[in-house]
Every structure is written in C-alpha cells, then in structure tokens.
Amino acid sequence: MITTKRGYGYGLAAGVLAALLPLGAAWSETPDRAQALAGIEAAEAARRRADSVGGEWRDTAAMIARARELAEAGRYPDAIELADQAKRQGELGYDQALGEQNADFPAYVLDRSR
Amino acid sequence: MTKHGFLLATLVLAGATLPIGPVTAATPEEEQAAFQAYFKQRFPNVPEDEFKNGTYAIDPVTRENWEAIEEFPPYENAISQGETLWNTPFADGQGYADCFPDGPAIMNHYPRWDRERGQVMTLPLALNACRTAHGETPLKYKKGPIADLLAYIAFESRGQITQVEIPQDDPRALAAYEQGKRFYFARRGQLNFACAHCHLATSGTKLRTETLSPAYGHTTHWPVYRSEWGEMGTLHRRFAGCNEQVRAKAFEPQGEEYRNLEYFLTYMNNGLELNGPGARK
Amino acid sequence: MPLNVSHRSRLTALLLGLSAMSSGPLPAAGLPDDLALAGDAAVGREVATDRAKGNCVACHVMAGAESPGTIGPVLVSIQTRFPSKRDLAAQIWDATAKNPEAVMPPFGKHEILTRPEFVDVVEYIWSL
C-alpha cells in the first residue's frame, strides 16, 4: 500500500524511475551499471571535446577503454571512478588548449612590449 | 609630392609616433633574429656552426661518445638502402629523379609553402606525392623505407644551408607559420609543457642525466638514428614522441599541426648548415 | 524487487550525475581548502623518486636521490623558503598559479599524483 512508510519509499522510487523512462536503453539496466555507462559516456564526450581543440591528453582514451572493461566485468564502482578521472582529463585538456591559444615567445627571447 | 602623398606621409608619421597599445606584430624575420640571438647569447662559447650538432655542441662528455659513434655511423645502412630506393624504377618505369630533377640533393628545398595545395609541403610528403603519381603505394611517415630514402637525400644534401621562405604575397603561408609558432609555445599534455619549456631557457640543463638540447640546431640533421629507437626515425616521429612524453596525445605525422610546426621551427633555424642523417642517443 | 536505502541513494546519485553531464567550467582548481596535509614522508620519498609518479629528481637535486636534474632549484632548507606547509603544497599543486611562466608540472591540479600521493610528497618535501 502506498500509504505505509515503506510504501512512500516505493512510490517515490517508482515515480522517479518513471521519470527516467525517456533515457531509453539505460532504463533496463540496474542503477549501478547505468551509472557506470553514463559516466563512461560523459568521459568520452569530454575526451572528444578536448580533442576538437587539439587538447586531448595521452592517456584519456586508454582510461575510458579500461573503464568499459571494468563495467563489462561488473566492477561498477571502479569503472565509475576511472571514467570520472578520464572525464576530468578531458575537461582539463580542453581548458588548457583554450588558455594557450595566444601562446607566444617568452619575454626573455622577444619582448613585445617595447 | 602630390597632395595625397603629403596626406599619406603625415598619416604614416602620425601612426608611427602614436602609442598603439601592445605591439603584436613582429615580423618572422624579427622573431627569427631574436630566437637566434638568444641562443648565441646563452651559449657564447659555442661556434655558430656547431649548433647543428645539438647537445653534442654543449655537452663535452656525451660529445666524445658521439664522435666515436660517428666513426662507424649507425645510419650508414640507411643511406645505402635509401640510395637503392632512389635509383629503383617504379612499376611504370619512371623514378624519383623524374619528380625531382634537382635530386637527390633537395633537402633544403623543404619545407616550403605550396601555393596550389594551400599548405606547407615537406620532403616526405613530396616523396609520397611522387610515388602516388606513379601508381606506387605511399610510405609510412615515421620510420622504415621513408627514413632510408630521407637518409640518402640528407647525406647528399650535406652542406646545404637552411633557407625556408615565407612568401609575402600569400597570407596563408604566414598563417601556417603563425600556427606552427603557437604550437611551439603552447603548453600541452598532463605535464603542461610547451616545446619551449625544454628547448629554450632550460636548454643546456639536465633532465635527470640527459642534457636538454637547444632549439637552435633542431632541424638540420634529420632523419636520425636514435639509440633509444634502435633504428632510424623522422622528425615527425620525434615530434610525436615528445608530445607523448609530456602526456599529450600525439598528432598525425605529416598532418597539419606537425607540418606547420616544422615550417616554423625550420625557419627559426635558417642559415644553419644541413648535416643529416644524424646519430643521437 | 524492493528498493532499499542503498538503491535509492544510488538513484539519486544517478540523477545528480546526469544533471552534471551538461558540462560547465571546472570549479576553481586551486589547492582544496579541506585537503588535510598530514602525509607520510617515507612514502612521499618513494613517490618523489618514482619516474612514473613525482619524478621530482628529474629536475631537482634532493638529498639521497640519484642522477638528479638541474632544471629546478635544489630542494633543501624548504621550511626557510616557504612560510607554511600549505604554501609549499600550493606550489606543488600548481606552480603556475603564482608564476604563469613556471616550468614545473601541476602535480595536484592535473592529477599527476593521486590525493594520497600528493599529500605524502608534500610531507616529504617539507622535511628537506
């Protein structure tokens, strides 16, 4: 019955789950696997974004591949941790490339303020 | 002088004396002069014609080893294999000499701005363009037969002077130079290094036991037999390796980034004598 | 199947994670204020000399380290050169914060070291 304490919990969860329906494929997985896959996709998006500005780091793709392996092996917390790390690499690489767009001779070689 | 001439002259003079904010326009010539002056001032005891020998110009201990190695150079096989490749006709009966009538001593013709293609042309690209035009499969760009062919061409070109041009009447050439320059000074990779961080102010210092080589002299001696590789490799192979060493994802050999980088860096080395192929640790 | 507490909290985490997926700028990546600098100097020494980790010896002379580089300053009398351990930690976290031209890699900001490794290295360097 929805009116019991536990029932509220179930009702809430059911409502939330229903709200997640548009998510498609992820809907049919258990939450942990879904979380791992979402984390991996987020990492991949960040990696592609860094790559688009020439800022991808060396190990990011390998980390994502490893996270996929971990997810396939059911090691979801490990997969999520590694995927999050890879996502941060993608974000840091993107910011780095954008920050370096006007990279130039150092002043000790060529002082442009003169 | 005409009325318009006076007006123009006045405007030019006015413009020259007005402070116009941060000066961003130094010409490539000025940049090159500053680059070379920096290294001559940093290494005052190194004769100008020694910079082409890299760390061996500034590190007497490793120079001794290098001179011993140069008595029986590890790139000799590459030169003779390259010579065979150069002289072997393609399936259609033609050869490299037909694409390069000035060859094989053509090392200092590259890199150069190619108006038709609208891009920097490098020697490996030109060699593969020749192959493709004659129905041959292109060679890979980091090692193997391309390195042998380049070794032969480099050897035959020894003594030529680096003389990269940036044509003034094609702004795309200057844009390519600028992109190469930006690449050189941009931090990249997890370790956050630009090429400049190892090869300008810190050149001559030691990274663990290895002396960092100065950028002035970097482009004269390719391809290189590098002991670490145990084989020959090209300039773009080294670009890729350096990028990976700072934990950046490497770019494609002979892709736009490394072509423009080669264009900028070789222009900075203008005036230096070519002395490839080389042997390095 | 009955949803227990841990499932519910993971669901919440999923929702939060999904909402965070639309990437915005990274939070300010300075040394975290809540990072407790109480590491193990002996472990830090191992990390500092490990080529794949701190590799400090690549650029710095340090007591007892073999084949040091000469790119950075000698690591000695550290406590006379940094007002506090936290100042030292900030430098190792991201040297470019104080000096944009700094050559030293941002060991903390770029996650070259894990948090525990970072804290241990700080403890070790602080002791030099």
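Because the model is predicted, local features need pLDDT of at least 70 and side-chain atom pairs count only at pLDDT 80 or more, while totals for chains, interfaces and linings use all residues. Residues are numbered from 1 along each chain as its sequence is written, and chains are lettered from A and ligands numbered from 1 in the order in which they are written.

Chain A contains four helices and zero strands, and its pattern along the sequence is α-α-α-α. Helices (H or I, at least four residues) and strands (E, at least two) are DSSP runs, numbered from the N terminus. Of the 114 residues in chain A, 34% are buried. A residue is termed buried if 20 or more other C-beta atoms lie within 10 Å of its own, exposed if 12 or fewer, and partly exposed in between, with C-beta atoms placed from the backbone. In chain A, 64% of the contacts between residues at least 6 apart in sequence join residues at least 24 apart. Two residues are in contact if their C-beta atoms, placed from the backbone, lie within 7 Å.

Chain C has five helices and zero strands, which follow one another in the pattern α-α-α-α-α. Buried residues account for 31% of the 128 residues of chain C. Among the contacts of chain C between residues at least 6 apart in sequence, 55% link residues at least 24 apart.

Both chains touch chain B. The contact between chains A and B involves 16 residues from chain A and 24 residues from chain B. The chain A side of this contact consists of seven nonpolar, three polar and six charged residues. In this classification, Ala, Val, Leu, Ile, Met, Phe, Trp, Tyr, Cys and Pro count as nonpolar, Asp, Glu, Lys and Arg as charged, and the others, Gly among them, as polar. Chain C contributes twelve residues to its contact with chain B, and chain B contributes ten. On the chain C side there are eight nonpolar, four polar and no charged residues.

Chain B is assigned domain 1 (29-74 + 170-280) and domain 2 (76-156); such bounds come from an automatic or database domain assignment. The centres of the two domains of chain B, taken over C-alpha atoms, are separated by 22 Å. Each domain, domain 1 and domain 2 of chain B, supplies 24 residues to the contact between them. On the domain 1 side, at least two residues each come from helix H8 (171-185), strand E6 (231-233), helix H10 (235-245) and helix H11 (256-268) of chain B. H11(B) gives the most to this side, with five residues. The domain 1 side comprises eleven nonpolar, seven polar and six charged residues.

Two of these helices, H8(B) and H11(B), also pack against each other, at an angle of about 90 degrees and with their axes 7 Å apart. Axes are lines fitted to C-alpha atoms, for helices over the stretch in contact, and angles run from 0 to 180 degrees between N-to-C directions. H8(B) and H11(B) are therefore roughly perpendicular, a term for angles of 65 to 115 degrees. Residues in this contact include Ala176(B), Tyr177(B) and Phe183(B) of H8(B), and Leu261(B), Phe264(B) and Tyr267(B) of H11(B). By class, the contact of H8(B) with H11(B) has nine nonpolar, three polar and two charged residues.

In H10(B), the buried residues are Leu235(B), His236(B), Arg237(B), Phe239(B), Ala240(B) and Asn243(B). They pack against E6 and H11 of chain B. Just after H10(B), Arg247(B) adopts a positive phi of about 65 degrees.

E6(B) also belongs to an open sheet of three strands, in the order E6-E5-E7 (chain B), with mixed pairing. Two strands pair if DSSP finds at least two bridges between them. E6 and strand E7 (278-280) of chain B stand at the edges with a single partner strand each, so one side of each has no neighbour in the sheet. Strand E5 (residues 224-226) of chain B pairs with E7(B) in the parallel sense over three bridges. Within E7(B), Gly278(B) is the bridge partner of Val224(B).

Arg158(B) lies in the loop between helix H7 (145-156) and H8 of chain B. Arg158(B) is partly exposed, with 15 other C-beta atoms within 10 Å. Not counting residues up to four places away in sequence, Arg158(B) touches Leu274(B) and Asn275(B).

Notes
Parallel < 35°, antiparallel > 145°, perpendicular 65-115°, else oblique.
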